[in-house]
Amino acid sequence: MRARRRAAADRRRAADHGPEVEISASERELFGGPLVYDTSWSQHEDVRYQLDLRSMIGGMPGLVGRAVGLAWRADRRATIQVAAAELLRGVSQALGLLGVNWLLATLLAGGEITERLRDAVPVAVLLGLVAGLGAVCGAVSTLATGPLEPKVERLARERYLERAYQVEMRAMEDEDFHRLLESAQYGATSARNMIRHAVSVIAALLSLAAAGAVLTTLHWLLLPMLLAIVLPRALATLSVARRRYRSFHRWVQHSRAAAMLGRLMTNTDAAPEIRVHGVGPYILRHFRGMSASQEGEQARLARLAARTELLAALCAGAAALATYLLLAGLLWTGAMALAAAGTAVLAIRTGTANLDGLVRQINYLHEESLYVGDLDRLIVESEHHRIPRGGGALPSPVRTIEFDRVCFAYPGGGGEPVLTDVSLTLPAEGGAVVALVGENGSGKSTLAKLLCGLYLPAGGSIRWNGVDVRELDRQAVFGHCAIVHQDHFRWPMTARVNATISRTDRPVDEERLADSAAHAGADRLVAELPRGWETLLSRTFKGGHQLSGGQWQRLGIARAHYRDAPLLVVDEPTAALDARAEARVFEQIRSLADRGQTIVLITHRMASVRHADVVHVLHEGRLVESGTPEELLADASGHYRALHDLQAAQFRPVPGQGPGPARGGKRPTGGARRTVEVDG
Ligand SMILES: Nc1ncnc2c1ncn2[C@@H]1O[C@H](COP(=O)(O)OP(=O)(O)OP(=O)(O)O)[C@@H](O)[C@H]1O
C-alpha cells in the first residue's frame, strides 16, 4: 500500500518536473548536440521556483519596505502621495463594505418601505462619496506612480553606469566582477518594476485587510473561513508559477536557439547567402522542428495547470460552501442579521477577487528584489575596484617615464605572465618616436596600456620623473595620454562627436578640429559627407552614413590628435589605410614628435620603424633589445634584424621574373611583381 502511494507520488512529481528535454534532430544537426547557453550572468533563474508560501509571506514586509526605500530616495513627495492614496483607498474599501452593511440593515429593517427608502438615502449618498473617494485615491496613486517609476529606474541606472566606468580595467576583465556587472544591469529595471509590484501588493493587501476587518466585526468565524477559501488558490497559483519557471529553465536553450534561427533569416549579413545558396527553406524547416517540440511542452504545462486550478477551485469551492452554510446556520439561529450576511458575502467576494494577482505580484517582487540586490552588491564591490581618486599631481614637466622590472598578468589570463621584468625609460619631453616591435602576443599593447595608467603593474614599478604611478592622480595620468588604436571605438554619433569626443572637458574648438582633420587626412572625407561634420555615422538610425574601415581609421587618428595630449600611443594605426595614407600617417607622426610630442608607436611595419628615435623589441613578454634602428639592424643575430629581414624578403622579386611595372601601373599578364625595398 505504502509502496503504491510512493509510486503515485513519484509519478506526480515526474509529471510536475516534466520530461528531460530531448535533443531534437534539428538541434543535433545544427548545433552538434544539446545546447547549453551561458546563463552564468543570471544567478536567479532557479530562485523563482524555490519560493514557497511561508517564505513568501515572511519576506513580504521586507520586500515592500525595500521598494518604499527605493521610491523614497527617488522622490519623497510622490512616495508619500502613493502611500497616502493607497492607504485611503483601502480605508474607503472597508468603509464601503460597512456602508453596504448599514444600507442593507436599513432596507431590511421593519416598518414602511417608503420610510425605509427615505432612511436609506443618506446612507446611499455616503456610500457614493466613499466610492468616489476610492476612485480619486486610485487616480492620485496612478498619477504619482507614473513619474516615480522612471525616476527610480533612472537613479538606479545612473548609479550602475557611474560605477561601470569608474572601476579599474582590471575589474572589467575579472570574471566574477564582470558577471556581477552583467547581472546588476537588470537592477535598474527591476527597481522600477518593484515599485509597480509593491503598489499592487499594497493595494491588494489593503483590500484583503478591509474585507478581513469587516468580516471579523460581523462574526469571528468568518475570517478563518475567508483564509480557507484563499489558501488553496494561493497555493495553486504558486505551484503553477513554479512549474512554468522550471519549464522555462529547461527549455530556455531550445527557445533561444529557435529565436536565433528566426533572426538569422532577417540578418542583413546573412541575406546574400540565404538567397544565393538557398539557405532559407533549410533554416525554416529547422525553425519549425524546434518550435514544434516547444509547443508540446506548452500543451503539457497547460494540462497540468488546468488540473491544479481545478483541484484548487474544488477546495476553495468546498470552503466557500462551508462558509455559506455557516452563514445560513448563523441566520437560522438568529446569531446574524440578514443584512450582515449580505455584507459578509460581498466582503468574501472582495477579499478573494485579486488574490491570484496578489500571489503573482509578491512572486515578482521577490524576483525583482534579487536583481536589485545584485545592484547593491555591485555598488559595494565596485568600491574595492574603484580607480583611486586624488593622489599626487603629475610632475611638471614630465621628463621621463621609467619602467623598472615591470611584471604583469591579465586577471582573466590564468596567471600567465604577459610582461616579465621589463625595464626601459621613455623620454617624455622634447619629442621623440619610441617604437615597440615584436611578434603577435609579445606584449606591446599591454605595455602601452600600462604606460597610460589603464593597468597597474603586478610587480616592479612605473615611475613618472621618479614618482611611482600608484601615488599619482590617475585622472591626471589619463589626461597626459591619447591613444590611436587599430580597433578604436566607432561612436554611433556624428562625425564631429567622433573626432572631438577625446576632449569633452572643453567646448569644441573649430580651429583645432579642422587642424586634426587635416592632420589625419580626414578633411576631404568629411567635406564629402552628406552633412559634413554633422553627418550621423551609424546605419542604426535613419539618415545614418557608414564609413569604410580606412575612413574610420582616419577619424580615429583625428580624434587622438584633437585630444592634444603630450603622450600619444599609436597602436597599429595604419592597418586599414591604403599605401598613400599610411605613408602620410608616418610622416605626420614624425612631424608631431619634431614639434615636441612623445609618440609611442606600435607597428608590425618595419619600414615605418626606421624613423623612430629608439626601438624596443619585445619577445614573449620580455624586453630583448633596445636601440636606434641602425644599431639594431647592425646586430645580424638580433630579433629586430630577423623580423626586418623576414618582411623585406616578401618584397624581393621572385627568381626568374623581371621587375614589375611602375607604381600604380597595371600588372602584366606575365605575373611580375613590384620590388620595394623596405629599408634604405
Ligand atoms: N584583456 C586580456 N585578457 C587576457 N589576456 C590578454 C588580454 N589582452 C591581451 N592578452 C594576452 O596578452 C598577451 C599579449 O597581448 P598584447 O595584445 O599585449 O600583444 P601584442 O604584442 O600587442 O600583440 P599583437 O601584435 O598581436 O597586437 C597575449 O598572449 C594576449 O593573448
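Helix 14 (residues 444–451) contributes the most to the shell around the ligand, with three residues; helices here are DSSP runs of H or I with at least four residues, strands are runs of E with at least two, and both are numbered from the N terminus. This is a predicted model, in which local features need pLDDT of at least 70 and side-chain atom pairs count only at pLDDT 80 or more, whereas totals for chains, interfaces and linings use all residues. Residues are numbered from 1 along each chain as its sequence is written.

**Ligand shell**
- The ligand is surrounded by 13 residues, of which the closest are Tyr410, Asn440, Lys444, Ser445 and Thr446; a residue is near a molecule if its C-beta atom, placed from the backbone, lies within 6 Å of it.
- The shell around the ligand holds nine polar, two charged and two nonpolar residues, where Ala, Val, Leu, Ile, Met, Phe, Trp, Tyr, Cys and Pro count as nonpolar, Asp, Glu, Lys and Arg as charged, and the others, Gly among them, as polar.

- Four strands, in the order 2-1-4-5, make up an open sheet with antiparallel pairing; two strands pair if DSSP finds at least two bridges between them.
- Strand 2 (417–427) and strand 5 (467–468) are at the edges with a single partner strand each, so one side of each has no neighbour in the sheet.
- Strand 1 (residues 400–409) runs antiparallel to strand 2 and is joined to it by seven bridges, and threonine 400 has proline 427 of strand 2 as its bridge partner.

**Helix 19**
- Helix 19 (residues 549–563) has 15 residues that should span 21 Å at 1.5 Å a residue, which agrees with the 21 Å between its end C-alpha atoms; the expected span is 1.5 Å times one less than the number of residues.
- Because 12 of its 15 residues are buried, helix 19 is largely enclosed by the rest of the structure; a residue is buried if 20 or more other C-beta atoms lie within 10 Å of its own, exposed if 12 or fewer, and partly exposed in between, with C-beta atoms placed from the backbone.
- Aspartate 564, which follows helix 19, has a positive phi near 55°.

**Backbone geometry**
- Most residues other than glycine have a negative phi, and most peptide bonds are trans.
- Serine 396 and proline 397 are joined by a cis peptide bond with omega of about -5°, and proline 397 lies in the loop between helix 13 (355–385) and strand 1.
- Aspartate 421, placed in strand 2, has a positive phi near 50°.
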